[in-house]
Every structure is written in structure tokens, then in C-alpha cells.
Amino acid sequence: MNKSELIKAAAAKAEVSNALAAKVLDAAIEATIEAVKKGEGVQIIGLATIAVKNQAARTAKNPRTGAVVNVPAKKVVKIKAGAKLAL
């Protein structure tokens with residue numbers, strides 16, 4: 001399902017126009033992105049939890065040359081499926 005199909009399905013379930021459903025979905029996506037950029041997590045009960053985690057610095061190996069490379073610490077986004085999303 002792509003974004004336009006999701007908008008149509010949500011509009012049909014909520015009995016609203018596609019334009020309104022698109023506006024709400026876009027606002028939810030923007031709010032989620034803003035929260036994640038601030039380092040905050042987003043929890044949608046039953047669907048998913050989006051969290052920002054710190055990944056420690058580590059060493060890695062270049063598979064082509066075999067050279068050891070230092071990978072700096074960074075923040076990564078982790079998404080965990082909720083109970084209703086489990087198959």
C-alpha cells in the first residue's frame with residue numbers, strides 16, 4: 001500500500017474526503033519527523049513505537065580492501081512494531 005492508497009482507505013473508514021485525510025496524514029507525518037529530529041520518541045499504542053537511540057562508536061572492516069575503519073558514534077531511529085501490527 002502506498003501513500004495515496006492509505007489516504008483513500010483512511011478517508012473511506014473515517015467517512016471524510018480524501019483531501020481531509022491527506023491533510024491529517026501529512027500533519028501526522030510532519031509531527032512525527034519533528035519529534036524524532038528533537039530526539040523524542042513517538043508511541044502509537046498498538047501500531048508502533050519510534051525511538052531515537054545512540055549507537056556507540058565502533059570499528060568496521062572494509063570488505064573490499066580489508067582495511068579497518070573507525071565508525072563514529074551516531075543517533076539512529078529504531079521502529080518497533082506494536083501488538084496490533086504483529087502477524
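The structure is a predicted model, in which local features need pLDDT of at least 70, side-chain atom pairs count only at pLDDT 80 or more, and totals for chains, interfaces and linings use all residues. Residues are numbered from 1 along each chain as its sequence is written, and side-chain values use heavy atoms, leaving out hydrogens and water.

**Helix packing**
- Helix H1 covers residues 3-14, and helix H2 covers residues 18-37; helices are DSSP runs (H or I, at least four residues), numbered from the N terminus.
- The axes of H1 and H2 come within 8 Å and cross at roughly 120 degrees, where axes are lines fitted to C-alpha atoms over the stretch in contact and angles run from 0 to 180 degrees between N-to-C directions.
- Residues of H1 including Leu 6, Ile 7 and Ala 11 meet a set in H2 that includes Ala 21, Leu 25 and Ile 29; contact means heavy atoms within 4.5 Å.

**Salt bridge**
- One salt bridge is found in the whole structure (a side-chain nitrogen of Lys or Arg within 4 Å of a carboxyl oxygen of Asp or Glu).
- Asp 26 pairs with Lys 3, with the closest N and O atoms 2.6 Å apart.
- Asp 26 is in helix H2 and Lys 3 in helix H1, so the pair ties together parts 23 residues apart in sequence.
- Asp 26 is partly exposed at 29% relative accessibility, and Lys 3 is partly exposed at 43% (buried is under 20%, exposed over 50%, partly exposed in between, with a 1.4 Å probe and protein chains only).

**Surface patch**
- Val 16, Leu 20 and Val 24 form a nonpolar surface patch with about 230 Å² of accessible area together (Shrake-Rupley method, 1.4 Å probe).
- Such a patch joins nonpolar side chains (Val, Leu, Ile, Met, Phe, Trp, Tyr) within 5 Å, and like charges are joined within 9 Å; its residues have over 30% relative accessible area and no salt bridge.
- Val 24, in helix H2, is exposed, with a relative accessible area of 51%.

Note on methods:
Helices (H or I, at least four residues) and strands (E, at least two) are DSSP runs, numbered from the N terminus.
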